Amino acid sequence: MSNSKVKKMLFILSKATIENVYAAFVMANGARMEGIEAEIFFTFFGLEAIQKKKLEHLHVATVGNPAMHMPTMLGGLPGMEAFATMMMKKEMEKLDMPPIGEFIEILADSGVKLWACKLAIDMFHLKEEDLVEDLDGILTIGDFYNRADQEGTHLLFI
Amino acid sequence: MEAVLAGINVMVSEDGYLTDFSQWNKEVGTEIAKNEGIKMTDRHWEVIAWIQEQVKAEKPLSIRGIKKSGVLDIKEFYKLFPGGPLKVSTKIAGVHKPKSCI
């Protein structure tokens, strides 16, 4: 078993841009690979990553993202986001990074708990059937904090 | 550095991985497993043999690769080798620690 002082990682994913979703997924999976417990709480736009209809259509942000190294006006042109996203997905496939849907299966099989935020679900008028089968449930933020109530737990907001 | 496993002098890395696979045998593997709190079964050895084949064929190991392997699924992998299955199983297999992030 892991001798790490970090026992449990709790991620709060609030964004739907592909780079943020992958950051949360890679870190959650990486935690499990190190013998650390991991859970993800999907809230606000982060919920897009667990919506059956949306999860394979997430994008890179080309506007307001200085790391794109292009003028903001260009980033706003039609098709630019789709193009940047396609390029990024291509690079990720080269590194054997799974697509979002497959990644969720990997996380669930690895024992990562997946939670949806009740408040955000209500706000976006979502139903449980809109969400992936691997979801462990819908929680309030209070429920989520209770899951953090043990030594060696870290919370990370993405 | 040097270590003694199952009565054999072997060379290991700082985190306990064999650096020379030719020094590996089942007894050495069993001893490493014991240190990791794992009691080896036939199923464990099947998986270890598959891992050794992959490494020999220079195929990178990853959790995604386990899902695609057809040998076992991810759930079973975590069950057989709790506490970081890729790390633990490669150590028992006497191969190097995988560098994969996924």
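Predicted model: local features only at pLDDT ≥ 70, side-chain atom pairs only at ≥ 80, totals over all residues.
Chain A holds an open sheet of five strands. The strand order is 4-3-2-1-5, and the pairing is parallel. Strand 4 and strand 5 (153–157) of chain A stand at the edges. Each has a single partner strand, so one side of each is left without a neighbour in the sheet. On average, neighbouring strands of this sheet are turned by 25° against each other, direction ignored. Helix 1 of chain A packs on the sheet and touches strand 1 (8–13) and strand 2 of chain A. The direction of helix 1 makes about 165° with that of strand 1 of chain A.

## Strand 3 of chain A and its partners

How much of strand 3 of chain A is buried? Four of its five residues are, so the strand is largely enclosed by the rest of the structure. Strand 2 (residues 37–42) of chain A runs parallel to strand 3 of chain A, and four bridges join them. In strand 3 of chain A, A:K113 is the residue opposite A:E39.

Strand 4 (residues 137–139) of chain A also pairs with strand 3 of chain A in the parallel sense, over three bridges. Here A:W115 stands opposite A:G137 of strand 4 of chain A.

## Helix 4 of chain A

Helix 4 of chain A spans residues 100–109. Its buried residues are A:I100, A:F103, A:I104, A:I106 and A:L107. They cover an arc of only 160° around the axis, which puts them on the same side of helix 4 of chain A.

What do these buried residues pack against? In chain A, the partners are helix 1 (18–33) and strand 3 (113–117). In chain B, they are helix 3 (63–69) and helix 4 (74–80). Just after helix 4 of chain A, A:G111 takes a positive phi of about 90°.

## The contact between the chains

The contact takes 15 residues from chain A and 16 residues from chain B. On the side of chain B that touches chain A, helix 3, helix 4 and helix 5 (85–93) of chain B each supply at least two residues. By class, that side of chain B has seven nonpolar, four polar and five charged residues.

A:N29 has contacts in both chains. This residue lies in helix 1 of chain A. A:N29 is buried, with 23 other C-beta atoms within 10 Å. Leaving aside neighbours within four places in sequence, A:N29 is in contact with A:I106, A:L107, A:S110 and A:V112 in its own chain, and with B:I63 and B:I102 in chain B. A:N29 and A:A108 are 79 residues apart in sequence, yet 9.5 Å apart in space, C-alpha to C-alpha.

## Helix 1 of chain B

Helix 1 (residues 26–35) of chain B packs with helix 5 of chain B at an angle of about 150°. The two axes are 8 Å apart. Helix 1 of chain B brings B:G29, B:I32 and B:A33 to the contact, while helix 5 of chain B brings B:K91, B:I92 and B:A93. Four of these residues are nonpolar, one is polar and one is charged.

Which residues of helix 1 of chain B are buried? They are B:G29, B:I32 and B:A33. Seen down the helix axis, they fall within an arc of 100°, so they line one face of helix 1 of chain B. They pack against strand 1 (2–5), helix 2 and helix 5 of chain B. The face turned away from the buried side carries the exposed residues B:E27 and B:N35. Just after helix 1 of chain B, B:G37 takes a positive phi of about 80°.

## B:I51 in helix 2 of chain B

B:I51 sits in helix 2 (residues 42–56) of chain B. Is B:I51 buried or exposed? B:I51 is buried: 22 other C-beta atoms lie within 10 Å, and the cut-off for burial is 20 or more. Not counting residues up to four places away in sequence, B:I51 touches B:L61, B:S89, B:T90, B:A93 and B:V95. B:I51 and B:H96 are 45 residues apart in sequence and 11 Å apart in space, C-alpha to C-alpha.

How values were computed. Residues numbered from 1 in each chain as written. Chains lettered and ligands numbered in written order. Buried ≥ 20, exposed ≤ 12 C-beta atoms within 10 Å, placed from the backbone. Arc of directions from axis to C-beta. Contact = placed C-beta atoms within 7 Å. Nonpolar A, V, L, I, M, F, W, Y, C, P; charged D, E, K, R; others polar. Pairing = 2+ DSSP bridges. Axes fitted to C-alpha atoms, helices over the stretch in contact; angles between N-to-C directions.
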